[in-house]
Amino acid sequence: MAVVKYSKLFPASAVSHVDLLRVFLRILKRAKVKVNYTNGYNPHMKIYFSPPIPAGVESVAEYVTIDTPDTDDFLARFNAACPKGIVAEKFFDMEKNPNLAAVVDKAGYIVKCPFADKIRVDGVANNADFEITFFDKNNQPTTKKVGGMVFIAERVDDETLRFVLSCGNNNLRAERLVRHLCDEAGVDYSLCEIKKTEAFVGDKTVDEFLRELI
């Protein structure tokens, strides 16, 4: 069982999660990695992703679990078959599936923007009354209290913000939070660059969590 930590950068960051599955199927076939298949009428490769990020957001902390006994020289073979924007950073050889889709519950983001000093961060994290307004999938304005889903909101410097947000089953999309804070400050959200830099299981990074399971 192989768990791969990988980066998803431009242009791969523009690929939706549904299409990303097809990309990984092609990577594994090109890399000639032997993957176990499900049973039944329509068998498919046993691969499992950590909680996905929206299309357009870059990340250096994505994970995929691949049910394979074929782990020799895995990183080199995998990277040689990757399209531009996807790079495997680390490899963990596990005895069983750690089920990251179920256990990963927080994600860390760095936001680069030229007016970070104008965006409010005080009173955002762990504030039960903090709420944001965003447009839902039907393009309807929605207001939701999200303070309990923001664990860290801090200004790193005049052009950088850092957030740690709930993800997985109780997910707060970083771009919704950042857009709301930009609207509140009267600044241009389109100038912000959001990158996912960390993923957590409780208070541990996913890397720490996996190393304890090996």
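Q: Why does Arg-22 count as partly exposed?
A: Because its relative accessibility is 44%, and the rule calls a residue buried under 20% relative accessible area, exposed over 50% and partly exposed in between (1.4 Å probe, protein chains only). Arg-22 sits in helix H1 (residues 17-30); helices (H or I, at least four residues) and strands (E, at least two) are DSSP runs, numbered from the N terminus.

Q: What ground rules apply here?
A: This is a predicted model, where local features need pLDDT of at least 70 and side-chain atom pairs count only at pLDDT 80 or more, while totals for chains, interfaces and linings use all residues. Residues are numbered from 1 along each chain as its sequence is written, and side-chain values use heavy atoms, with hydrogens and water left out.

Q: What makes the contact between Asp-207 and Lys-5 a salt bridge?
A: Their N to O distance is 3.3 Å, and the rule asks for a side-chain nitrogen of Lys or Arg within 4 Å of a carboxyl oxygen of Asp or Glu. Asp-207 lies in helix H5 (residues 206-213) and Lys-5 in strand E1 (residues 2-8), so the pair ties together parts that are 202 residues apart in sequence. Both Asp-207 and Lys-5 are buried. With Lys-90, these two residues make up a network of salt bridges.

Q: How do you know that Asp-129 and Lys-145 form a salt bridge?
A: Their closest N and O atoms are 3.9 Å apart, and the cut-off is 4 Å. Asp-129 is in the loop between strand E5 (106-112) and strand E6 (131-135), with Lys-145 in strand E7 (residues 141-145), so the bridge ties together parts 16 residues apart in sequence. Asp-129 is exposed, at 58% relative accessibility, and Lys-145 is exposed too, at 51%.

Q: Which labels do Glu-154 and Arg-162 get, buried or partly exposed?
A: Glu-154 counts as partly exposed at 32% relative accessibility, whereas Arg-162 counts as buried at 18%. These two form a salt bridge, the closest N and O atoms being 3.1 Å apart. The count of salt bridges comes to 12.

Q: Why is the pair of Phe-74 and Phe-78 called stacked?
A: Ring centres of Phe, Tyr and Trp (its six-membered ring) must lie within 6.5 Å to pair, and planes under 30 degrees apart count as stacked, over 60 as edge-to-face and the rest as tilted. By this rule there are 5 aromatic pairs. For Phe-74 and Phe-78 the centres are 5.9 Å apart and the planes at 20°, so the pair is stacked. Being 4 residues apart in helix H2 (residues 74-80), they are separated by about one helical turn. Both Phe-74 and Phe-78 are buried.

Q: What makes Asn-99 stand out in its backbone?
A: Asn-99 has a positive phi of about 55° although it is not a glycine. Most residues other than glycine have a negative phi, and most peptide bonds are trans. Asn-99 lies in the loop between strand E4 (86-93) and helix H3 (100-103), and it is partly exposed, with a relative accessible area of 40%.

Q: Which residues does a cis peptide bond join?
A: Phe-10 and Pro-11, with omega about 5°. Pro-11 is in the loop between E1 and H1.
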